[in-house]
Amino acid sequence: MADVRLVFLGAPGSGKGTQAARVSEGLGVPAISTGEMLRDAVAAGSELGERVEQIMAAGALVDDATMAEVIRGRLAQDDTKNGFLLDGYPRTIGQVAILEQILGELGATLTAVVLIDVREEELVRRALERRRDDDTEEVIRTRLDVYREKTEPLVEYYRTKGLLREVDGNESIEEVTAALMGVLPVSA
Ligand code: ADP
């Protein structure tokens, strides 16, 4: 089994979640989607869910301390021992530092960070096409703005570290998966 720890970066609508699930299957390591974990918490009506529901509905980011608890708990689970794919974490420079600390404690390092690059007009088109129940165009715009402001700086950070791998996300799902498998420094 591949021993691989990946971060997937990409704007909302980049297909990051879809690709993380496909690559996860190919490599045999779990895909961890913090967005999905938070949506599950909201659906379950847990204390965490109540805390994050309004923030998510507005398209804003949940605070770094709350997300640290979420990701720390998830990475402590046994199924991540041989690796994992992170979809939606880290999303801020603060979260980058927290992730490095957690990985340090686990004696692990990131294998690579993958950026799925998609043109702005394609992102908006896709977002409007598959919008979730309560997504208004304004919330979709907010998510994109938050991505540009808070998350995009991570691209340069990881590039400087020599970890970044980029793929063109404007192609079909199958083509993007193939491109991803091609740039990863691991084999299935
Ligand atoms: P998208 O596919 O639109 O990027 P996700 O499913 O990854 O959305 O996440 C949905 C929402 O969950 C985000 O808009 C944000 O409110 C919250 N969220 C998920 N991951 C994080 C994170 N790492 N930090 C802060 N908020 C997060």
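View 1. A polar side-chain atom of Arg91 sits 2.8 Å from an oxygen atom of the ligand. The model shown here and in every view below is predicted. The protein covers 94% of the ligand's 550 Å² of accessible area, the area the ligand has on its own. Arg39 also reaches the ligand: an N or O atom in the Arg39 side chain is 2.9 Å from a ligand oxygen atom. Val62 uses its backbone instead, with an N or O atom 3.1 Å from a nitrogen atom of the ligand.

View 2. Arg125 and Glu122 join their side chains in a salt bridge, 3.1 Å from N to O. Both residues belong to helix 6 (residues 120-129). They are three residues apart, about one turn of the helix. Are the two partners buried or exposed? Glu122 is buried, because its relative accessible area is 15%, under the 20% limit. Arg125 counts as partly exposed, because its relative accessibility is 42%.

View 3. The side chains of Glu166 and Arg159 form a salt bridge of 2.8 Å, N to O. Glu166 has 38% relative accessibility, so it counts as partly exposed. Arg159, at 37%, is partly exposed as well. Elsewhere, salt bridges with shared partners join Glu122, Arg125, Arg126 and Glu129 into one network.

**View 4. A salt bridge between Asp3 and Arg5.** The Asp3 and Arg5 side chains meet in a salt bridge, with N to O at 3.5 Å. Arg5 counts as buried, because its relative accessibility is 14%. Side chains of opposite charge can pair when their charged atoms come close. The count of salt bridges comes to 16.

**View 5. The aromatic pair.** The count comes to one aromatic pair. Tyr157 and Tyr158 form an edge-to-face pair, because their ring planes stand at 75° and the cut-off for that class is over 60 degrees. The ring centres are 5.3 Å apart. Tyr158 is buried, with a relative accessible area of 1%. Tyr157 has 26% relative accessibility and counts as partly exposed.

How values were computed. Residues numbered from 1 in each chain as written. Predicted model: local features only at pLDDT ≥ 70, side-chain atom pairs only at ≥ 80, totals over all residues. Heavy atoms only, no water. Salt bridge = Lys/Arg side-chain N within 4 Å of Asp/Glu carboxyl O. Buried < 20%, exposed > 50% of the residue type's maximum accessible area, 1.4 Å probe, protein only. Helix = DSSP H or I, 4+ residues; strand = E, 2+ residues; numbered from the N terminus. Phe/Tyr/Trp six-rings, centres within 6.5 Å; stacked < 30°, edge-to-face > 60°. Polar contact = N/O pair within 3.5 Å; in protein donor to acceptor, adjacent residues only side chain to side chain. Areas by Shrake-Rupley, 256 points an atom, 1.4 Å probe, with all protein chains shown as cover.
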